[in-house]
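Take a moment with the structure below. We will walk through it from the whole chain to the details.

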Amino acid sequence: MASQNNPLHIFFFPFMGHGHMIPSIDMAKLFASKGVKATIVTTPLNKPLVTKAIEQFKTHSNNIDIQIIKFPCVEGGLPEGCENVDSIPSPHLIPAFFKATWLLQEPLEQLLQQQKPNCIVADMFFPWSTASAAKFGIPRIVFHGTSFFSLCASQCLNLYEPFKNVSSDTELFEITNLPGNIKMTKLQLPSIFTQNDTMTQNTAKLFAAIRESEKKSYGVIVNSFYELEHVYADYYRDVLGIKAWHIGPLSIHNKKDKEITSYRGKEDSIDKHECLKWLDTKEKHSVVYLCFGSTTHFLNSQLKEIAVGLEASGKNFIWVVNKKKEDGEEWLPEGFEKRMEGKGLVIRGWAPQVLILNHEAIGAFVTHCGWNSTFEGVSAGVPMITWPVAAEQFYNEKLVTEVLKIGVPVGVKKWVGLFGDSIQCDLVEKAVKRVMEGEEAEEMRNKAKLFAEMAKKAGEEGGSSYLKLNALIEELGSLSQHQPILQD
Ligand code: UDP
């Protein structure tokens, strides 16, 4: 029988990329705050990120820990020290990175043998972990880190292949059977649906393995809440038949870790207090926040278009750019920052995004539609300008602009992988004005605020995510003969 000394023990094993590690660490903290023993498994060079992210939490909880397994850089054909997607030196090494992660199976199994957890929540990119868990007789739960909507869209595209019936890349097709009559073009789909080179074929194989392992897994944890996308949560569970628990928003539901100023992935390139002070001088809803996640790279020409569009919009802004001081200034129009002094803040590197989004001065969020960012925007009640680039971001754009109706598309036509498409400055200006001014903007803002309230309630006692999380912990407890000790 379980006791305080023998709690339910869960391994959390995130893929080594910031967009996967941040929500997984939040998730581990959330479980730990409920009395579960949470162990985050990562690799030596990713350890400092995890250590910092749980530092504050550890001051009031002993339930969380880290275990390290070696990342096989050299064996996987990567340079030494390349343990995070962030440090892949060139796009052609991306397949090697994914290949290397398959070599993590053996060290993970050694750790499972040693530590004997009751369950493992492993990232979608580790499809082999379902078999590993089975060897030790424990359930593996999948964490995709995206919305129900995206999960459903991607499954429907796979099952029904509606894109095969169009005569051009720009012809609209409807995603068969997906509620909401969602239409896309072939150009907006991930390459696995549209291309056939060796690299894409390998990626397609990986995704097939992910789908297979999902079927054999115990279920899926989704960082979302029911009220936000209940049609798709129901479709995922009832029509696609996948057992799933929605327990989000992970970014705000850690009751014992309320401090949203805590470390999230990287050292901020701006002092948090400076940033807040700057925002404090601005009127409510008067600032546009632009940030494109941890992996998007735009060409200098694209960055210039953004700058010109922002200046023409006449709005205040905070713009996070994936650049360092050493990269020079060619990507900015001459004298841009001087002219924008007091009106616009350019952050080179990493920003305290959740903190910024939750400041009342923020009026809109220009996002690449990575799910963490999108959901952080939803949870902060901020209308969005959607600028998808890669991965499942075009689906999230549809969710924001057509289902939730709390944002407008900037007008990206093409899925491009890592490097951003070319959007002209007038489109940036137009989208910014559309989300910041007038009746339509007001409507979107009001709707976004309602979703933010729902998000908060979902994690509070009796809320949909709160109840699902408790139900999951109880279920895992009874599976492993542990009586979980639920705490709030
Ligand atoms: N993020 C941040 N500061 C930045 C850039 C990103 O804190 O300057 C965080 C953001 O809040 C989110 C994550 O990094 O939690 C990015 O995840 P997302 O799924 O949005 O995009 P990805 O990086 O996976 O493309």
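Predicted model: local features only at pLDDT ≥ 70, side-chain atom pairs only at ≥ 80, totals over all residues.

Start with the overall layout. The domain assignment gives domain 1 (9-252 + 459-480) and domain 2 (268-454). Note that domain 1 is written as two stretches of sequence. Taken over C-alpha atoms, the centres of domain 1 and domain 2 are 26 Å apart.

Now look at where the domains touch. On one side, 32 residues of domain 1 take part, and they are in contact with 27 residues of domain 2. Helix 1 and helix 6 each give at least two residues to the domain 1 side. By class, that side of domain 1 has 15 nonpolar, 14 polar and three charged residues.

Next, find the ligand. Which domains supply the shell around it? Domain 1 and domain 2 each give at least three residues to the shell around the ligand. The ligand has 19 residues around it, and Gly19, Gly293, Ser294, Gly370 and Ser373 come nearest. Helix 14 gives the most, with four residues. Sorted by class, the shell has seven nonpolar, ten polar and two charged residues.

Two packed helices are described by the angle between their axes and the distance between the axes. For helix 1 and helix 2 (residues 47-58), the angle is about 35° and the axes are 11 Å apart. Their crossing is right-handed. Helix 1 brings Met21, Ile25 and Lys29 to the contact, while helix 2 brings Leu49, Val50, Ala53, Ile54 and Phe57. The contact of helix 1 with helix 2 has seven nonpolar residues, no polar ones and one charged.

Turn now to the second pair. Helix 6 (residues 148-160) packs with helix 9 (residues 230-239) at an angle of about 50°, and their axes are 8 Å apart. Helix 6 and helix 9 are therefore oblique to each other. The crossing of helix 6 and helix 9 is left-handed. Phe148, Phe149, Leu151 and Cys152 of helix 6 meet Tyr232, Ala233, Tyr235 and Tyr236 of helix 9. What classes of residue make up the contact of helix 6 with helix 9? Eight are nonpolar, with no polar and no charged residues.

Methods. Residues numbered from 1 in each chain as written. Near = placed C-beta within 6 Å. Nonpolar A, V, L, I, M, F, W, Y, C, P; charged D, E, K, R; others polar. Domains from an automatic or database assignment. Axes fitted to C-alpha atoms, helices over the stretch in contact; angles between N-to-C directions. Left-handed = near helix turned anticlockwise from the far one by under 90°. Contact = placed C-beta atoms within 7 Å. Parallel < 35°, antiparallel > 145°, perpendicular 65-115°, else oblique.
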